[in-house]
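I will go from domains to chains, then to helices and strands.

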Amino acid sequence: MIKPSLSKFLGDGPALIGAYLEEQQNLTAVERFSGLHDDMHALGAKPRLESHYRDLLPLEKPRPGQQYAFEVDLDRCTGCKACVTACHNLNGLDEDETWRSVGLIHNVIGKPLQQTVTTACQHCLEPACSHGCPVKAYEKDPVTGIVRHLDDQCIGCEYCILKCPYDVPQYHKGKGIVRKCDMCIGRLESGEAPACVQACPTKAIRISLVDQAEVRANFADYAALPGAPDPAYTKPTTRYRTARKFPAGMEAADAYRLKKEKAHFPLVFMLTLSQMAAGFFIALEAGSLSGLLPAEPFFQAWAHALGALLMSVAIAVSITHLGRPLYAFRAVLGFRRSWLSREIVAFGLLGGLAMAAAAGTALTALIASRAATGVPLPLFGLEAGPSSWIADLGRYASAGWVRIALAVSAALAVHCSAMVYRDTPRALWATRLTSGKFFLTAALTGAAGLLALISCSGITGESIPHLALGLTMALPLALIAKLACEARIHRHLDDQEANPLKKAALLLRGELRSTHAWRFNAGLAGGFLLPILWLYRGFAGTGPADALLSVSVLALLLAGECLERYLFFSACVPPRMPGA
Amino acid sequence: MDLKDRFAGFMRQRTGKLTHEMVLSPGRFGLGKTPERLQPDSTTSMVCGFCSTGCGLKIHLKDGKAVNLTPDPEYPVNLGMACPKGWEALTPLKADDRAALPLLRGPDGALAPVDWDQALRVFTDKFKSVLAFHGKEAAAFLSTGQIPTEEMFALGLLAKFGMGLVHGDANTRQCMATSHVAYKQSFGFDAPPFSYKDFEESDVIVFFGANPCIAHPIMWERVMMNKRNPEIIVVDPRQTETALAATRHYPLQPKSDLTLLYGLAHILIREGWIDRDYLEAHTTGFEEFREHVKTFDPAAVGRITGLGEARMMEFAESLRPGKRVSLWWTMGVNQSHEGVRTAQAIINLALMTGNMGKPGTGANSITGQVNAMGSRLFSNTTGLPGGREFKDPKHREEVAGILGIDAGIIQDKPGLAYDQIIEGVNAGRIKALWVIATNPAHSWVDQEDFRRAAAKLEFLVVQDMYHDTDTAKLAHLVLPSAAWGEKEGVVINSERRMGLFKKVHPAPGQALADFYIFKLIAKYWGCESLFKDMDTPEQAFRMMARLSAGRPCDFTGITDYRMIDREGGIQWPLPASPDPEGPGAGTPARPIVRERRLFEDGRYYHPDGKAKFKFSPPQPIPEPVTSEFPFALLTGRGSSAQWHTNTRTGKSAVLRKLYPADSLVEIHPEDASRLKIASGDWVLVRSRRGQARARASVASTVQPGQLFMPMHDVEVNRLTFPSFDPHSRQPSYKHCAVRVEKDPS
């Protein structure tokens, strides 16, 4: 051993540390090895991997009626997942963004068999993402058939994510938009292979030309894998080839994986509040037009103002859901096809009419009250007397036809909301029960809202006690109908296969169990126990105790409906390509 | 009109900032299109830093700094492909928990930053005082297969010849020790004979305890490039991804592989399916071996292995001479209580059938870590540099002569092996431990054993790129290392190819290349004269080349790093022209062949030039299953996106998406239904040593009575049983007895 002689050398230790730290920060690869690599590649612009992927691309451009499609040779895919990372790197995606995924299907019972499955956008013939987009941010390229996303057009509503059965569009939080696979169209245009095709070590992915008529006729042959979503919905174009025969028991490896889905809180509140506003307006106008509710101007003014406020809050909340709310106005573009676009228009209409009616009733009430004192209302420097054109404006804005339109647009808004979810490939949503649930939410919360308004406002009238009694008795009935709608899902617990409905039911009994219980408790307390108690106690119309009771009923019902809507989202297991 | 267009553009915006972010630019440097915002202004190629495949990665540089990478199409190993780890290799460098300053455990028990000067003083003071008080065997180091050879070499010199430590080992003990010993005994030198081209040139490819689809996807790429329509045979208790992709799978009983191999040899001899000429000319010990396997009657072997006699015959028939048969193994064989004999039984099959030294043949060990091969040759732990022996006085003289040190300071026997070092700590004989770029608090077989040891140490130093690995958390002193991509050096892959690491990324804070940390320690210790001719890694490389002269691994023909770079890596051996004064001076003795195999002339490295048959009777499984612990737990690689203890791969958000978030245990449907376990349920797996919690994955990929757990989860090695191959001291990770039950909580 070399003799330690510490003292002799220690003096210049720190200097050496400094020198090494400096040297460490000096990046030397270019300087030391320059020339070698870049010279080697000065052989023109031709990509060096071209020979690897030449036979993985079609020789010709698509002819009319044809399009590009992914084709996967399952017998060559061994699940190395290089395609996922190559797509990520070669497209410069953000940190955790991926446009391709690799899943697994397997046979649990019997002869063991498993198969990894690589998936990206299916570039469907009938792209649901595009059909659902309220701002027309998708287009199917007429030449290549590639389903492209216009990033700058997107408002970040995420509806395409709910629409796509293949979990393809990915929301980018930082940018507030969705992005997705474009089959590396920029590469294809210049004869290069898409990132995944370039990077597959075993050449399992290729680009082929498909005849769109053939895909349409034989759609069941595309994206056809055990556990894959029903291809009828979008007519996907990816063909999975294998020489193997999959036994009947093959299923996605994550078929039994249960995990609650994203709750979309802004949508939970937006739906509940807008439906309450809608229900409230329908009840209010029905009551007013039938004469059950008094035409007392200030009551009408307050009622409409509160309803309009509620609807405005709902709209404001819905806008917070958008990734790029500044561009929300574009949402009218998709009206011809997208229920989301229609919902937004219907909300706008309802909001507008509610504002008009609120302003009209307020104006009428103010002018009337001033007229009683004999001093006309000063407005914009004008004297607004009961017979002035301003008063006429107020009357027009709160005329019977406006109120009818208001009630009709309220119903329309609820219908559009329901259709937004019914028009998805998600089994829990794509049913008439969704309409039932939404309209019953409107009925419950709208009725409770009107009841609370009556009780708190101290309004009197001959018919008020009857109306209040009627509303109070209607609540338990509506609640029972609502809970019945919701309880239908539990029938699917006995389903043999692990379908999305069974999984929803299992989630409600599992991870979401306590929320589910709270939802029922809140509903029963607000919609059943308190109304019964109220009826038993004897309805006094107005008074502090009634006000307290009515507000409690409303609060409990609202809470219950919000929880129901939370479960509506978080228990909704979407169709997906096999994962895990 | 203009206004109308503007309105239309505002309503329907086809392009803009967000669109522009995704634009691809026409690629320069033959890259094809690359993202515009990551356009390189130059590129350079270097070897990936994870596994022993040793793929070339083309680093995209902007102002000399790596901004992206793509696999190198020119590199002869991977031909433009990479696995997810390679694609994501730059991401772990940017993690938040990089060690950026030395950390010292203060009196309050917490690690706090100190400057390098203080860290180095503490290091030298502590080690010197431990050695002074407790003797020269009281301190040890545990190194790695993850750093370049120059750094392993520098560590070996510093620790053994500078600091005077007697004991040091590396995590290559956990991965390659078995192959190292098997080759050394059979061939006379640790020399994996193949090149990856052999995958493409075989008629029959047999994998023993190897799952290349997941563990070495690029080697599988080479298998898929085989145009000879090969028979691909997988021998593995579990139906792995590779077993599914193969043409034949032999799901033998765990740890019955040695019996199987002797049974196959028995049939081959009985049927005369052997190459007598080759045996005669190039091997010794065959007659004894023939006697030995006589008792391995196929019927009995068929019973023990669970394969049955007919499948044994079918297997043996595919090995009969006339076809090019290559035999490959990795951890399923290496990590065994009798791994060396098993590997040698594979070698014996190749020798018997003459499947050596020809295209598409060989008894081929697929290595694990990126530089396990460098460690095997130059780490100065189990042997002296250049594949020399401590116990050989001539070897000690040679090394001392070249290094300019006194041969008397070189120990005359190897130091303790990994398990013996930990045992030494637990017994109180070893008081100070220095761990470099490895994570035994996670990876050590029977992990608690290491953790107990760590608690007993007076001084534990961890030198790593992260300050919060399982082991760094236990340290008294953490030294921050520069990582792959932040330093230079040479690594050696499975097919003996020397490739380069380059400096393309700045190290965080005050992290330093391990090479320079070792040099600083030498300075503070007072032994820097050891490195007087080794200011840079490249100079250390030249010193190693001198040490390789005349050895089987002779690479004196490699003049510098640029030559390795230019050639796309160079396989050893590449001796220099023998005439130092002649016209060929300083050039290789023969032209560089891109892919070359060994033993084409049938000459092995034993003094008689022949390969040896090595064998001994199979030993019982160290921890057989019992009624209390009725399951055999198998462990292995979980996915292609994970590397070892996941310290690096866990830092990439993309890689994290590619493997399950929770620990996993595979269980056969019959066992699962009996225990009322469903897929996705949390279960507890217990062994006599500890317990692990994992989610059940019910799948018939494992056989009844067996469980499989991926090794990347920290809990797995709470279960594994510490038994060791007697020749290689490699731990047997692949088999222990456990029980499993549904987690009641």
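**Domains of chain A**

I looked up the domain assignment of chain A first. Domain 1 covers 51–252. Domain 2 is written in two pieces, 265–486 and 507–570. I note here that the model is predicted.

How far apart are the centres of the two domains of chain A? Taken over C-alpha atoms, I find 43 Å between the centres of domain 1 and domain 2.

Next I checked where these domains touch. On the side of domain 1 of chain A, 19 residues are in contact with 17 residues of domain 2 of chain A. Which elements of domain 1 give two or more residues to that side? They are helix H7 (128–132) and helix H8 (159–163) of chain A. I also sorted the residues on this side of domain 1 by class: 13 are nonpolar, four are polar and two are charged.

**Chain A against chain B**

I moved on to the contact between the chains. Chain B gives 93 residues to it, and chain A gives 76 residues. On the chain B side I get 48 nonpolar, 26 polar and 19 charged residues.

**Two helices in chain B**

I then picked a helix pair. Helix H7 of chain B spans residues 177–187, and helix H18 of chain B spans residues 339–352. Their axes come within 8 Å. The axes cross at roughly 50 degrees. Why do I call the pair oblique? An angle between 35 and 65 degrees is neither roughly parallel nor roughly perpendicular, so H7(B) and H18(B) are oblique to each other. The crossing of H7(B) past H18(B) is right-handed.

I listed who makes the contact. From H7(B) come Thr178(B), Ser179(B), Val181(B), Ala182(B), Gln185(B) and Ser186(B). H18(B) supplies Gly339(B), Val340(B), Ala343(B), Gln344(B) and Ile347(B). By class, the contact of H7(B) with H18(B) has five nonpolar and six polar residues.

**A barrel in chain B**

Last, the strands. How many strands close into the barrel of chain B? I count six, in the order E23-E27-E24-E26-E25-E28. The pairing in this barrel is mixed. From one strand to the next, the twist averages 45 degrees.

I looked at one pair in detail. Strand E25 of chain B (residues 682–686) and strand E26 of chain B (residues 691–698) pair in the antiparallel sense. Five bridges join E25 and E26 of chain B. I followed one bridge by residue: Val685(B) has Ala692(B) of E26(B) as its partner.

Definitions and conventions
Residues numbered from 1 in each chain as written. Chains lettered and ligands numbered in written order. Predicted model: local features only at pLDDT ≥ 70, side-chain atom pairs only at ≥ 80, totals over all residues. Domains from an automatic or database assignment. Contact = placed C-beta atoms within 7 Å. Helix = DSSP H or I, 4+ residues; strand = E, 2+ residues; numbered from the N terminus. Nonpolar A, V, L, I, M, F, W, Y, C, P; charged D, E, K, R; others polar. Axes fitted to C-alpha atoms, helices over the stretch in contact; angles between N-to-C directions. Parallel < 35°, antiparallel > 145°, perpendicular 65-115°, else oblique. Left-handed = near helix turned anticlockwise from the far one by under 90°. Pairing = 2+ DSSP bridges.
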